[in-house]
Amino acid sequence: MAVNLTPMYHKAEEVFRQAKTTAEKLAALEEMYALLPKHKASEKMQADLKTRMSKLRQAGEQPKAHGGIDLFHVDKHGAGQFVLIGMPNCGKSALVGSLTKAHVTIASYPFSTHAPVPGMMAFEDIQIQLVDMPPITADGPMPGMIGAVKAADGLIICIDLAADVLEQIEVCMGMLESRSIVPLGREPPEGGIAKRMLIVGTKVDLPGGADSFQALKELHGDIAPMVAISTETSEGLGEIPRQCFKLLDVIRIYSKEPGKPPDKGKPFVLPRGSTVLDLAGTIHHDIAANLKRARIWGNNVYEGQSVTREHALSDRDIIELHV
Ligand SMILES: Nc1nc2c(ncn2[C@@H]2O[C@H](COP(=O)(O)OP(=O)(O)OP(=O)(O)O)[C@@H](O)[C@H]2O)c(=O)[nH]1
Ligand SMILES: [Mg+2]
């Protein structure tokens, strides 16, 4: 039986031939792998592509110590970055695909994602970054992946409600614990880190999904907040941006120039507890250095009240800075 390669595949192969850097070559190979028809006749090609990808990944990691590229590093954008963790085929890519415009690979076979894929998820008037990741297994994550997990502002742990939920929790939490990463609110071991985490039960539309979610909540509800979702029916999807925003514990501040209406388009996003001076420093260090006074419109204050540099801001406050 012949392997019928699509024009898209040939295009990806051409991109591979033209690629100069390891990252470009790897991205092209991944595209070729995604576009390769998966059946018996293509098994040898699949294996061959996997070997080539694996060699490139190793090559990509070698020079890291000498300042080379980190294939798992994703530049942060928006109010915060959440990295997805989960076992093969649990629905990570489908989730990122449903909440962002990212071009993810969703497939019925496992190990379909080979590299991080970032996308921006909207929550009201801000954006939160999601990063789709290759799966982890009982043998652990792909080499190099832990750096991205540690660097993230938060983790979304995906548990397939149509599969063995307890095994998945054990594998995911065990992997994190073995790297001294614990959920926020727990004491990390020395040198470890506490991370914001959201547990997402996926495929709740499948038979037994709702019951599995209840069982998961009863047994492990103390680890982190939990949400059940389906990318098929959209159930629960709206909860994810809300929960991520809550976990990030940030506030949105709108700036206003004297005599003009506030700029409601794009708020500044700051950690909860930030002051007027923190806001000024985020805008420009000159403004922070020369800040004389500020006026505020918002919660728990009179409209346009003058406040000091040390005044702690609240979510959705409008601030007018005077230098
Ligand atoms: N019924 C149902 N199927 C889903 C849902 N989410 C994902 N799937 C299916 O589950 C399979 C795996 O989905 P992916 O999103 O590719 O899974 P993944 O976790 O990214 O897989 P890897 O990249 O291999 O780790 C696909 O066939 C999806 O269509 C869901 O909410 N409901
Ligand atoms: Mg995937």
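Let's start with helix α2. Seven residues of the largest pocket's lining come from α2, and that is the largest share. Keep in mind that this is a predicted model.

How much space lies in that largest pocket? About 490 Å³. The lining counts 24 residues, and those closest to the pocket's centre are Ala 27, Glu 30, Ala 115, Pro 116 and Val 117. Two elements give two or more residues to the lining: α2, which runs 22-35, and β2, which runs 117-123. What is the lining made of, by class? It has 13 nonpolar residues, seven polar ones and four charged ones.

Next, the ligand. Ligand 1 has 22 residues around it. Which of them come nearest? They are Lys 92, Ser 93, Ala 94, Phe 111 and Asp 205.

Now look at the oxygen atoms of ligand 1. One lies 3.0 Å from a backbone N or O atom of Asn 89. At Gly 91, a polar backbone atom is 2.9 Å from an oxygen atom of the ligand. Thr 113 takes part through its side chain: a polar atom there lies 2.9 Å from a ligand oxygen.

Stay with Asn 89 for a moment. Asn 89 sits in the loop between β1 (81-86) and α4 (92-99). Is Asn 89 buried or partly exposed? Its relative accessibility is 29%, so Asn 89 counts as partly exposed. The backbone deserves a look too. Most residues other than glycine have a negative phi. Asn 89 has a positive one, near 70°.

Lys 203 is another case. Lys 203 is not a glycine, yet its phi is positive, about 60°. Where is Lys 203? Look in the loop between β6 (193-202) and α7 (209-220). Lys 203 is partly exposed, because its relative accessible area is 23%, and buried would mean under 20%.

On to Pro 135. Find Pro 135 in the loop between β3 (126-132) and α5 (145-151). What does Pro 135 touch? Set aside the neighbours within four places in sequence. Then Pro 135 is in contact with Gly 86, Met 87, Pro 88, Lys 92, Phe 111 and Thr 113. Lys 92 and Phe 111 are among the residues that come nearest to ligand 1. Thr 113 has the side-chain atom 2.9 Å from a ligand oxygen.

Pro 135 and Ala 115 are 20 residues apart along the chain, and their C-alpha atoms are separated by 9.7 Å. Ala 115 is one of the residues closest to the centre of the largest pocket.

Last stop: helix α8, residues 239-248. How many of its ten residues are buried? Seven, so the helix is mostly covered. The buried ones are Ile 240, Pro 241, Gln 243, Cys 244, Phe 245, Leu 247 and Leu 248.

Take Gln 243 from that list. Why does Gln 243 count as buried? Because its relative accessibility is 15%, and the cut-off is under 20%. Beyond residues up to four places away in sequence, Gln 243 touches Leu 198, Pro 225 and Val 227.

Just after α8 comes Asp 249, with a positive phi of about 55°. That's the tour.

Methods: Residues are numbered from 1 along each chain as its sequence is written. Chains are lettered from A and ligands numbered from 1 in the order in which they are written. This is a predicted model: local features need pLDDT of at least 70, side-chain atom pairs count only at pLDDT 80 or more; totals for chains, interfaces and linings use all residues. Side-chain values use heavy atoms; hydrogens and water are left out. On a 1 Å grid over the protein atoms alone, a cavity is a set of points where a 1.4 Å probe fits but cannot get out, and a pocket is an open set with protein on both sides within 12 Å along at least five of seven lines; lining residues have an atom within 4 Å of a point. Grid points are joined across faces, edges and corners, and a volume is the space filled by probe spheres set on the points. Helices (H or I, at least four residues) and strands (E, at least two) are DSSP runs, numbered from the N terminus. Ala, Val, Leu, Ile, Met, Phe, Trp, Tyr, Cys and Pro count as nonpolar, Asp, Glu, Lys and Arg as charged, and the others, Gly among them, as polar. Contact means heavy atoms within 4.5 Å. A residue is near a molecule or strand if one of its heavy atoms lies within 4 Å of it. A polar contact is a pair of N or O atoms within 3.5 Å; within protein, one must be able to donate a hydrogen and the other to accept it, and residues adjacent in sequence count only if both atoms are side-chain atoms. Buried means under 20% relative accessible area, exposed over 50%, partly exposed in between (1.4 Å probe, protein chains only).
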